[in-house]
Amino acid sequence: MTDENTKKLEEVMSEQSVRGKVLAVTSGKGGVGKTNIVANLSICLAVSGKKVVAMDADLGLGNLDVVMDISCKSNLGHVISGQKSLEEIIQVGPGGVDVICGGSGIEELANLNKFQRQRLLEELDGIQKNSDLIIIDNGAGISSSVVSFCLAADHTLVVTTPEPSAMTDAYAMIKVLAAHDYDGRISLVVNMARSVSEGKRVYRQISDVAMRFLDIPVYEAGVLCRTDKLVSAVRKRKPVVLAYPRSGITSSIGAMAARLSRGAAVKTKEGFFKRVANLFS
Ligand SMILES: Nc1ncnc2c1ncn2[C@@H]1O[C@H](COP(=O)(O)OP(=O)(O)O)[C@@H](O)[C@H]1O
Ligand SMILES: [Mg+2]
């Protein structure tokens, strides 16, 4: 973890202060790059000195562990069933990111009795207090658990690609947040763009429509271009920012992390997990 590439990445990342405690990364369509964005953003922020927790909240297709190359031995489900403490299920991933595997535990959040829920929430809130940022890797789509995590987060990062179906689904996600009077900040990442200008065009289209029809601002988180480096990093089971610390995609993700850190102050909501649980029930 403290290998040469991590050091190079530390050089690339500038010191920034993170505001806003919980960032939910989400999309309408699947396969747009959420998990890779969560893994690599977490690492960039962690190597710049932040205490970052990355949580896999994708019920069906969770693979944050694969992208971060850790083996998930246990998940929130084990905490809920009383087999493990929360501390025991946190696994330290590359760059020093604390990883929580959600697994079935996410689904079970909705079905806990009052006592179980209280105990779990106290543990999770302890994690929130001891970290600078929690980044949630959501599943695709607009299921109630996905929407709950976004609504409870201070900041939602919606990921799209330039594909029309991904754009439509990203807009649908933004529309759902607006319909719930989401009071956090919404930013858009355009991933797999053929060029920065194509990505910016996609950003403008979605943010214009959101402003015109939903009357909400969608901030620009940044553009990530399609690159074989990312595909090859995934094959090597190594996050791209560590596999290729001097690549274009690493500097784009690094810039995005810095921008997220600098972003307009968002009010910090306390008790994120309590809010998630309330929304689930
Ligand atoms: N910037 C990119 N350039 C090239 N391929 C990408 C890029 N981002 C994502 N991919 C491809 O998309 C696949 C799915 O990414 P993933 O992060 O698992 O998406 P999601 O979590 O949204 O389902 C990756 O394994 C990779 O092959
Ligand atoms: Mg994923």
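A: A disulfide is here a pair of cysteine sulfur atoms within 2.5 Å. By that criterion the structure, a predicted model, holds one disulfide. Its partners are Cys 72 and Cys 101, with sulfur atoms 1.6 Å apart. Cys 72 lies in the loop between helix 3 (64-67) and helix 4 (76-80), and Cys 101 in strand 4 (residues 98-101), so the bond ties together parts that are 29 residues apart in sequence. Helices (H or I, at least four residues) and strands (E, at least two) are DSSP runs, numbered from the N terminus. The torsion about the S-S bond of Cys 72 and Cys 101 is about -60°, so this disulfide is left-handed.

For burial, a relative accessible area under 20% counts as buried, over 50% as exposed, and anything in between as partly exposed (1.4 Å probe, protein chains only). Cys 72 is partly exposed at 30%, whereas Cys 101 is buried at 6%.

Cys 150 is in no disulfide; the nearest cysteine sulfur, that of Cys 101, is 20 Å away. Cys 150 is buried, with a relative accessible area of 0%. For Cys 44, the closest cysteine sulfur belongs to Cys 225 and is 16 Å away, too far for a bond. Cys 44 is also buried, at 0% relative accessibility.

Residues are numbered from 1 along each chain as its sequence is written, and chains are lettered from A and ligands numbered from 1 in the order in which they are written. Local features need pLDDT of at least 70, side-chain atom pairs count only at pLDDT 80 or more, totals for chains, interfaces and linings use all residues, and side-chain values use heavy atoms, with hydrogens and water left out.
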